[in-house]
Amino acid sequence: MFISVISAGTQPEEPLDPIGLFVTRPQDGEVTVGGNITFTAKVAGESLLKKPSVKWFKGKWMDLGSKVGKHLQLHDTYDRNNKVYTFEMEIIEANMTFAGGYRCEVSTKDKFDSSNFNLIVNGKMNSCHFVSSFYFLFFPYPYAHQQFFLVHSKLLDKGEAKSESQSDVDVWEILRKAPPSEYEKIAFQYGITDLRGMLKRLKRIKKEEKKSTARYKTKGNSNYLFRYIFEAIGNKRILTINHCSLADDAAYECVVGEEKSFTELFVKEPPILITHPLEDQMVMVGERVEFECEVSEEGATVKWEKDGIELTREETFKYRFKKDGKKQYLIINDSTKEDSGHYTVKTNGGVSVAELIVQEKKLEVYQSIADLTVKARDQAVFKCEVSDENVKGIWLKNGKEVVPDERIKISHIGRIHKLTIEDVTPGDEADYSFIPQGFAYNLSAKLQFLEVKIDFVPREEPPKIHLDCLGQSPDTIVVVAGNKLRLDVPISGDPTPTVIWQKVNKLLFESEGRVRVEMHEDHCVFIIEGAEKEDEGVYRVIVKNPVGEDKADITVKVIDVPDPPEAPKISNIGEDYCTVQWQPPKYDGGQPVLGYILERKKKKSYRWMRLNFDLLKELTYEAKRMIEGVVYEMRIYAVNSIGMSRPSPASQPFMPIAPPSEPTHFTVEDVSDSTVALKWRPPERIGAGGLDGYIVEYCKDGSTEWIPALPGLTERTSALIKDLVTGDKLQFRIKAINLAGESGAAIIKEPVTVQEILQRPKIWLPRHLRQTLVKKVGETINIVIPFQGKPRPKIIWMKDGQTLDSKDVGIRNSNTDTILFIRRAELHHSGAYEVTLQIENMTDKVTITMQIIDKPGPPQNIKLVDVWGFNAALEWTPPQDDGNAQILGYTVQKADKKTMEWYTVFDHYRRTNCVVSDLIMGNEYFFRIFSENLCGLSETAATTKNPAYIQKTGTTYKPPSYKEHDFSEPPKFTHPLVNRSVIAGYNTTLSCAVRGIPKPKIFWYKNKMDLSGDAKYRMFSKQGVLTLEIRKPTPFDGGCYTCKAVNECGEAEIECRLDVRGNQMNLMDNTNTAMKNE
């Protein structure tokens, strides 16, 4: 069967020329075992200066160009009309090992593209079901001896070069699980002869199992522990290597008899992937930085870079590299502002980039300490909150450090620092300050001691509320959400008045709740634990006694951090920047918003990085220093005098990308009366957004309106603008488009006039056609002559002044060349061919001389001129037919009349006469002569009619007259046939010697059957030695062979026995197949 794989769809009239070079990519294919399949790739050649380079690969690295042979053929053609190169890879008689992934790579001077495709081979598995990671195929010469072995430059020894058959019992598995003390017992039980070699391989197998737990399995799920598997299938010799490792990277040699074949195996390390990427970090000056990533292999080697420069250990030990299993660390101690930048970790299979921002230390005060007024034996708490939870500080009282004791306690929890004074006394009244260590801050507040004076009052005094709001408006108290509000309200009156608290006509009673009232003789206490926004409002306190009543309104205001803003919006996205916009929070916490804090992170990361330390006053911010092609998210915090809000929801994910640069080398390729052909090259910078295509526009000279020249975008790097008005002057421009938008425009400098440009005709005659073109009879002639000229010139071919016959010679013309094609050259095609180009009154012509040659005829009039001594003189005349080529010489041969075996005396002999010397006395000789030209020797030779007799020299002796003796005798075998035992598949011979006068006729028989008509047998007889050659005998050719000699005087017979043994390798394959089928 034959299957051709091409892309679906109809073939367009004009070939596409995409950026990827391919017009048609090779598609996935499927074939059965023994079938043929063809993969086709087509490349547009309109914009290429020369033929592209194409390579075919199997897997990642096996170049198939060196594997061309019986099972693989590569072809390429060129369609001059459509300007398309076609490349084909044909797989012949596919087998299961051909299945897998393939790749086609095409490259030109400034472009490269590749296409992957898969081949599926359906059918039964062959007799060996090993899953191999690499194999070699060898095809030994069929007549070579059976010696076959493979040499590994590092690893293989003689013990490993033996094929081992797989029995029903897996001896390897038994040895692997058995203790060493049982090895000899197992070897005796299963007939193992090379126990030492098996134990060596078993030791290596166990090492491989420690490195990797993966095993190769067959269809039957049986584990094969062989490292090297040798197979012999017919004339093929296959070596399969399982569990390839770097140790298998070596040269391999296959030796068959005296023939050798070499190859190399290259083993690459598997790519190391980055499973957990780096995270962006923001630290303060002096802090420790630790970048962490995780790779796919323990102990892998990685490369660290900062802003494209490799980091090494020699740099004053500033950088420290650490490995912990699959995790890789880069540690920077005592970071400085110079350490800011992009850090990259690279492996052979991935890259990860993270940004480090190092900021100078700057402390923000979210909540300062406030003045306090407390009574005797009450509690005083000074509290402040700063931005850094690691900052420590000291408390001062009137400039002296406060020493904590049982009554005075200092605490630091997170960002909050507290100074707590229990049982306040008049001595605690002072100015208190908190100073953060390392920062020029001084937070101060004053503690006032409230002294309660007891005066004598007359009886029946009306109730009075003595309210002091610490210098603020007398009826407003401000409390921070979450803090405790304790309001002491001194009262007086006799008799003791009754106190009533209420909020919006709701009475408040003494209780243990969060909002409660505590009553005492001379004062009452209003307490709110953990103030909330709902606690805001006007509270009224009423005191009554029989004498009268008094009341006061107290306004409580709860202030808090703002609500989180809504999710920010991203706009104006560029290559490494974007604009972030947001709205103020719906609730500012009762205090004006002082500013905003912005954070960003990579989408797949969990670490947020702060972008500003100074509060942002505006509602927009331009974020910079981002990595193009990475997806980010943004969020915002609102900050007031109380603190920082919770974060807003994350923005929609976005990717910083930039439009490409403008296309390059934008030029006009051709102009006609209604079309303009343009070409260009891709932009120098494309970016992470890729390239969607190009938009081509034009406008008339003097106008500002640009009109699209093509409908939509084009992916090609050339364009033909049609249907233009003749005579118009047009400006052309082109832009590259991607997700980020349009690039800058590339504009042709001067306007283009739509008008055919008259160009003189000019023929560019190739160098090899400037001399006489010599071809042999029967060869194909294809002459391509490029030319130029506009408009398209008229082309005229002439031969020897006559018009060419279109039936005998093919002519094909295009806009750029003309082709003369002769399918089969004949002698009459020789002559002078003239090509003429004509445009109006302008012409150009060239002449091509073609000479078709053939083998010459034999020499004529050969004569034996004279014979003397040991010499013979010959003469002849040149041949009548010289084959349309100069006679280069003659070849003279002689033959003894007895044997008529020809021997060359002279070759390349230039003269037409010669003297043949060193002839043997008493023999008769015939002579023949061949003529020779560029095509070779003549097919026939001129032979002398009469032989030349070399007479004996010396005194003439007249022998006495004797009765003629009868030398005739019957045949007699002087050397018998010998019984032989041979191997099937290799030619063998049976030889014997016989004598008899006259020369006897010879007959050969097998088991009394005549062999003279069987083509499998060849019979030779030379000088009485008789030979029977049996071609590739099989076991059926064994038997009794008889040689019979017969002449006039009698006959003789002789016999021998021939045994044909089966091929051991084929028997082994058959045995393996039978055992596995069982």
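**Ground rules**

I am working with a predicted model, where local features need pLDDT of at least 70, side-chain atom pairs count only at pLDDT 80 or more, and totals for chains, interfaces and linings use all residues. Residues are numbered from 1 along each chain as its sequence is written, and side-chain values use heavy atoms, with hydrogens and water left out.

**Whole chain**

I started with the overall tally: the chain has 4 helices and 85 strands. Both kinds are DSSP runs numbered from the N terminus, with helices being H or I of at least four residues and strands E of at least two. Of the 1078 residues in the chain, 40% are buried. For the record, buried is under 20% relative accessible area, exposed is over 50%, and partly exposed is in between, with a 1.4 Å probe and protein chains only.

I also looked up contacts, meaning heavy atoms within 4.5 Å. Among those with a separation of 6 or more, 64% are between residues 24 or more positions apart.

Two strands pair if DSSP finds at least two bridges between them. As a reminder to myself, strands of a sheet pair through backbone hydrogen bonds, either parallel or antiparallel.

Which way do β24 and β25 run? Strand β24 (residues 341–347) and strand β25 (residues 350–359) are antiparallel, with 7 bridges joining them. A hairpin takes β24 into β25 through 2 residues.

On its other pairing, β25 runs parallel to β18, with 4 bridges between them. There, Met284 is opposite Gln359 of β25. I checked the cover on β25 too: 7 of its 10 residues are buried, so I wrote it down as mostly covered.

**Nonpolar cores**

I then went looking for nonpolar cores, which are sets of buried Ala, Val, Leu, Ile, Met, Phe, Trp, Tyr and Cys residues joined through side-chain atoms within 4.5 Å. The largest has 23 residues, and Phe39, Val43, Trp56, Met89, Ile91, Tyr102 and Leu119 touch the most other members. Strands β4 (36–44), β8 (84–91), β9 (100–107) and β10 (112–122) each give this core at least two residues. A second, separate core has 22 residues, including Ile763, Leu765, Ile848 and Ile852.

**Tyr102 and the rings**

Beyond its neighbours within four places in sequence, its contacts include Phe57, Leu64, Met89, Phe117 and Leu119.

I counted rings of Phe, Tyr and Trp (its six-membered ring) as paired if their centres lie within 6.5 Å, with planes under 30 degrees apart stacked, over 60 edge-to-face and the rest tilted. That gives 20 aromatic pairs. Tyr85 and Phe87 are stacked, since their centres are 6.4 Å apart and their planes at 20°. Both Tyr85 and Phe87 are buried.

Tyr102 and Phe117 are stacked as well, with centres 5.8 Å apart and planes at 10°. Tyr102 is in β9 and Phe117 in β10, so this pair ties together parts 15 residues apart in sequence. Phe117 is buried at 1% relative accessibility. One aromatic cluster is made of Phe39, Trp56, Tyr102 and Phe117.

**Charges over rings**

A charge sits over a ring if NZ of Lys or CZ of Arg is within 6 Å of the ring centre and within 35 degrees of the ring normal. Arg103 has its charged end over the ring of Phe57, 4.6 Å from the centre. Lys533 does this over the face of Tyr587, at 4.9 Å from the ring centre.

**Two single residues**

Is Glu389 buried or partly exposed? At 49% relative accessibility, Glu389 is partly exposed. It lies in the loop between β28 (380–386) and β29 (393–397). Glu389 and Arg415 are 26 residues apart in sequence, yet 4.1 Å apart in space, C-alpha to C-alpha.

Last, Thr988 lies in strand β79 (residues 988–997) and is buried at 5% relative accessibility. Its side chain makes a polar contact of 3.1 Å with that of Arg980. A polar contact is a pair of N or O atoms within 3.5 Å; within protein, one must be able to donate a hydrogen and the other to accept it, and residues adjacent in sequence count only if both atoms are side-chain atoms.
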